[in-house]
Amino acid sequence: MIVTEADRLPAMNMEIKSQDKTTAKAGSQIPPERPLLQVKDVTLQYKTKDHLVTATYCVSFDTYAADRFILLGPSGCGKSTLLKGVAGFMKPANGQIELNGKPVRGPGPERMMVFQEFDQLLPWKTVKQNVMFPLITGGGMSRAEATDQAMDYVNKVGLTKFADAYPHMLSGGMKQRVAIARAMAMEPAILLMDEPFAALDALTRRRMQEELLQLWDDVRFTVLFVTHSIEEALIIGNRILVLSPHPGQVKAELNSGDLGIGSIGGEQFQALHNHIHEMLFADRVEEIEDDDR
Amino acid sequence: MTTAETFDAQGTPGRREPPRRPEFEREPKPFDDRVDVARPLTLWERVSEITLVRRLTILVILAGVWQLYALWVNNSLMLPTFGATAEAFWREFTEGRLLAMAWSSIGVLLKGYLIGVAVAAILTSLAVSTRIGNDFLATLTSMFNPLPAIALLPLALLWFGLGETSLIFVLVHAVLWPLALNTLSGFTSVSETMRMCGRNYGLRGLFYVMRILIPAALPSILTGLKIAWAFAWRTLIAAELVFGVSSSSGGLGWFIFVSKNELLIANVFAGLGTVILIGLIVENVIFRVLEDHTVRKWGMVR
């Protein structure tokens with residue numbers, strides 16, 4: 001299905017074919033290294049007041065070191081739930097999540113999370129203290145070490161002047177920068193980001209995307225990034241996992257490593273954008289037909 | 001005229017189009033010196049910004065009204081003047097009797113308050129960590145919170161005899177329930193994001209409660225502490241009025257009771273004034289400072 005779709009897009013054709021996971025498995029190509037994060041057939045369910053909702057069904061994917069791995073899908077496809085599963089806030093009903101070969105059991109500081117909400121910073125701590133706090137409690141650092149490390153990352157996100165400010169004095173974009181600095185200062189095995197820029201205005205969001213890419217260029221961290229914006233996925237990610245809605249199932253894994261902010265509006269960018277758009281849009285039509293029956 | 005033109009352009013009357021206006025770009029004008037960008041406030045504006053000044057003014061006006069009315073009534077047995085009350089207050093204060101009485105009241109109060117706070121902390125910790133603890137606290141709070149502490153005094157006297165222990169028992173009852181109720185509602189209103197953050201750091205158990213839940217719920221906890229303080233203070237004075245002879249030094253309630261018996265009405269007012277004064281100091285100095293250095297500084301309350 002993916003291959004035939006891709007045939008209509010000459011620019012992307014070669015890449016999608018060669019990087020398609022099923023093709024890779026079927027062929028003799030063995031990935032060069034062990035994946036950092038392995039999600040195997042994970043089904044996640046949560047209870048509401050009177051329903052048991054299946055958020056994702058049999059989702060599998062592998063993330064390698066220094067990946068900018070995007071979970072993309074319409075709202076209700078369980079992408080945030082999947083991220084919570086990886087973070088350890090939810091236990092999979094089925095399947096396994098392994099980090100470096102060890103199964104994930106509960107939340108931990110080696111998988112730092114950046115949330116969408118601005119209230120993720122502790123209001124009773126200054127910017128610097130917010131970044132230091134997990135270093136001391138979760139990272140086992142001394143105060144002096146933590147201060148150095150924290151200031152290092154506060155500088156990296158450009159908030160040196162605001163190190164002693166409290167979160168309520170900061171703008172939304174600055175708060176998200178602190179959250180990113182806090183997560184990165186822990187130097188986690190993998191950084192989990194749950195639509196971190198969704199609540200920002202368009203101009204700030206674009207700047208934050210640029211800054212994140214710059215930071216990645218500096219530090220080469222691994223990030224698992226949830227978004228519902230195709231554009232954001234193309235800009236940030238090097239590999240995009242497309243999920244179908246309700247319950248989330250894998251529809252495709254695509255490469256977008258050579259697309260960045262500079263390629264917005266370009267032919268290749270538009271082609272892949274439209275391709276993903278069609279993929280997601282097709283589902284919506286099916287859903288309506290199902291309802292009619 | 002413009003409308004008519006657009007009609008013509010469209011060819012279909014009734015479809016209004018906004019007029020086309022020319023585009024322009026321009027540099028902002030250099031700022032005019034005569035407009036204030038930032039000007040220091042006048043002395044009057046600055047003084048009226050100070051909360052203490054505004055509140056003291058209200059107090060002075062109230063004292064003035066009292067003085068005039070008392071002079072008009074002219075019956076020192078029913079309503080002594082503000083001047084006479086202030087004089088009685090100063091006399092009792094400097095002679096040491098009032099201070100000692102107030103101090104013994106505060107001593108008992110603090111003991112009861114601290115025990116109540118400790119028990120409330122234990123109960124709410126149980127309530128947030130286990131479901132049965134939550135049920136336990138919810139049931140007890142709904143049972144005992146409406147029960148006036150002073151109503152337990154006869155029972156306390158029977159159990160613990162005439163003395164400080166009975167007072168402390170009643171005080172703990174006055175403090176415990178409002179504080180537990182507020183603290184619990186504070187804990188339950190901590191946002192899910194903040195909880196997940198704390199657990200993301202790998203915090204668990206007591207550390208999690210101390211480092212995340214308590215600071216995050218501090219606005220509610222402080223409200224609970226304030227309400228509990230007021231309840232305790234009221235209960236104590238009332239209890240002293242009923243059976244003041246708890247110990248040789250009496251207490252403020254006892255001071256008021258005795259002064260009334262001796263028809264030293266100015267002293268009664270001085271005693272009441274002391275009760276009010278201590279309440280004001282605790283509310284506006286101690287709790288205010290506590291809030292300024294915590295929740296207000298953190299932007300959790302305005």
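## Where the two chains meet

In this predicted model, chain A and chain B bury about 2000 Å² between them, with 67% of that area on carbon and sulfur atoms. On the chain A side, A:Phe89, A:Trp124 and A:Phe133 lose the most area to chain B, and together they account for 31% of what that side buries. The contact draws on 24 residues from chain A and 18 residues from chain B.

What about charge pairing here? Two elements of chain A give two or more residues each to the side that touches chain B: strand S6 (111-114) and helix H5 (127-137). H5(A) provides the largest share, 4 residues. Sorted by class, that side of chain A has 13 nonpolar, 6 polar and 5 charged residues.

In the contact, 30 residues of domain 1 of chain A meet 18 residues of domain 2 of chain A. These two domains bury about 1900 Å² between them, and carbon and sulfur atoms carry 67% of it. On the domain 1 side, A:Leu191, A:Met208 and A:Leu215 supply 23% of the buried area, more than any other three residues.

Between domain 1 and domain 2 of chain A the count is 1 salt bridge. Elsewhere in the listing of charged pairs, the side chains of A:Arg177 and A:Glu211 meet in a salt bridge at 2.8 Å, N to O. The interface of domain 1 and domain 2 of chain A also has 9 residue pairs in polar contact (both at pLDDT 80 or more). Helix H4 (79-87), strand S7 (190-194) and helix H8 (202-219) of chain A are the elements giving two or more residues to the domain 1 side, and the largest share, 7 residues, comes from H8(A). By class, the domain 1 side has 21 nonpolar, 3 polar and 6 charged residues.

Chain A has an open sheet of 4 strands, ordered S2-S1-S4-S5, with antiparallel pairing. Strand S2 (52-63) and strand S5 (102-103) sit at the edges with a single partner strand each, so one side of each is left without a neighbour in the sheet. Further in, strand S1 (residues 37-47) and strand S4 (residues 94-99) of chain A pair in the antiparallel sense over 5 bridges. As one detail, A:Thr43 stands opposite A:Asn94 in S4(A).

Over all chains, the salt bridge count comes to 15. One of them joins A:Glu253 and A:Arg239, whose closest N and O atoms are 2.5 Å apart. A:Glu253 lies in strand S10 (residues 250-255) and A:Arg239 in strand S9 (residues 239-243) of chain A, so this pair ties together parts that are 14 residues apart in sequence.

## Chain B and its domains

Chain B is divided too, into domain 1 (44-80) and domain 2 (95-293). The contact takes 7 residues from domain 1 of chain B and 5 residues from domain 2 of chain B, and the C-alpha centres of these domains lie 30 Å apart.

The area buried between the two domains of chain B is about 460 Å², and carbon and sulfur atoms give 76% of it. The side of domain 1 of chain B that touches domain 2 has 5 nonpolar, 1 polar and 1 charged residues. Across this interface the rule finds 0 salt bridges and 1 residue pair in polar contact (both at pLDDT 80 or more).

Terms used
Residues are numbered from 1 along each chain as its sequence is written. Chains are lettered from A and ligands numbered from 1 in the order in which they are written. This is a predicted model: local features need pLDDT of at least 70, side-chain atom pairs count only at pLDDT 80 or more; totals for chains, interfaces and linings use all residues. Side-chain values use heavy atoms; hydrogens and water are left out. Domain bounds come from an automatic or database domain assignment. Contact means heavy atoms within 4.5 Å. Buried area is the accessible area (1.4 Å probe) that two parts lose on being put together, summed over both. A salt bridge is a side-chain nitrogen of Lys or Arg within 4 Å of a carboxyl oxygen of Asp or Glu. A polar contact is a pair of N or O atoms within 3.5 Å; within protein, one must be able to donate a hydrogen and the other to accept it, and residues adjacent in sequence count only if both atoms are side-chain atoms. Ala, Val, Leu, Ile, Met, Phe, Trp, Tyr, Cys and Pro count as nonpolar, Asp, Glu, Lys and Arg as charged, and the others, Gly among them, as polar. Two strands pair if DSSP finds at least two bridges between them.
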